[in-house]
Amino acid sequence: MGYCGGLYSPFSTGPAPEFTSHETACILNTSEEDAQVNIWIYFSDRDPIGPYKVTVPAKRTKHVRFNDLKDPEPIPTGTDYSSVIESDRPVVVQHSRLDSRQAENALLSTIAFPVTT
């Protein structure tokens, strides 16, 4: 299980989709079997939404842009949130954010490490 905080802007500078402001979970599955991943989104002022279901194939990585998640509903832009990422296989999650609200872009990333419960 992994935990990430997020906020992606409804505004962007530069060509889409490369420079669209976004949050991304980079999920690495080194196991021999596909990982079934559930992502839950939590807010300060409303009930959580989810799960967003993602499959990460065996021995592969998948980059999941949070602003591309649509089912069960899109994550609202300009709203603080946190995420809980659960998997039926051990995975490593690295969180990154591209903030392109101005021409001087900023990219933030976390150090990836496995979490055991």
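Tutor: V91 is buried, with a relative accessible area of 15%.

Student: What makes V91 buried rather than exposed?

Tutor: Buried means under 20% relative accessible area, exposed means over 50%, and partly exposed is in between (1.4 Å probe, protein chains only). V91 has 15%, so the label is buried. V91 sits in the loop between β6 and β7 (92–99). Its C-alpha atom is 7.1 Å from that of T30, a residue 61 positions away along the chain.

Student: What kind of model is this, and how is it numbered?

Tutor: The model is predicted: local features need pLDDT of at least 70, side-chain atom pairs count only at pLDDT 80 or more, and totals for chains, interfaces and linings use all residues. Residues are numbered from 1 along each chain as its sequence is written, and side-chain values use heavy atoms, with hydrogens and water left out.

Student: How many helices and strands does the chain have, and what makes a run count?

Tutor: The chain has zero helices and nine strands. Both are DSSP runs numbered from the N terminus: a helix is H or I over at least four residues, and a strand is E over at least two. The order is β-β-β-β-β-β-β-β-β.

Student: How much of the chain is buried?

Tutor: Of its 117 residues, 32% count as buried. The accessible surface of the chain is about 7,000 Å², and 54% of that belongs to carbon and sulfur atoms. Areas come from the Shrake-Rupley method with a 1.4 Å probe; for residues, only the protein chains shown count as cover.

Student: What share of the contacts joins residues at least 24 apart?

Tutor: The share is 66%, taken among contacts between residues at least 6 apart in sequence. A contact is a pair of heavy atoms within 4.5 Å.

Student: What makes a group of residues a nonpolar core?

Tutor: The members must be buried Ala, Val, Leu, Ile, Met, Phe, Trp, Tyr or Cys, joined through side-chain atoms within 4.5 Å. The largest such core here has 19 residues. I27, V37, I39, I41 and I75 have the most contacts inside it. β2 (22–29), β3 (35–42), β4 (49–56) and β6 (81–87) each supply at least two residues of this core.

Student: How do you know which form the peptide bond from G50 to P51 takes?

Tutor: Its omega is near 0 degrees, and the bond is cis. P51 belongs to strand β4.

Student: Which aromatic pair does the structure hold, and why does it get its label?

Tutor: There is one aromatic pair. F66 and Y81 have ring centres 6.0 Å apart and planes at 25 degrees. Rings of Phe, Tyr and Trp (its six-membered ring) pair if their centres lie within 6.5 Å; planes under 30 degrees apart are stacked, over 60 edge-to-face, and the rest tilted. So the F66 and Y81 pair is stacked. F66 lies in the loop between β5 and β6 and Y81 in strand β6, so the pair ties together parts 15 residues apart in sequence. F66 is buried at 0% relative accessibility, and so is Y81 at 4%.

Student: Why is the K59 and E32 pair called a salt bridge?

Tutor: A salt bridge needs a side-chain nitrogen of Lys or Arg within 4 Å of a carboxyl oxygen of Asp or Glu. The closest N and O atoms of K59 and E32 are 3.1 Å apart, so the pair qualifies. K59 lies in the loop between β4 and β5 and E32 in the loop between β2 and β3, so parts 27 residues apart in sequence are tied together. K59 is partly exposed at 48%, whereas E32 is exposed at 63%.

Student: What puts R46 over the face of F43?

Tutor: The rule asks for NZ of Lys or CZ of Arg within 6 Å of the ring centre and within 35 degrees of the ring normal. R46 lies over the F43 face at 4.5 Å from the ring centre. At 36% relative accessibility, R46 counts as partly exposed.
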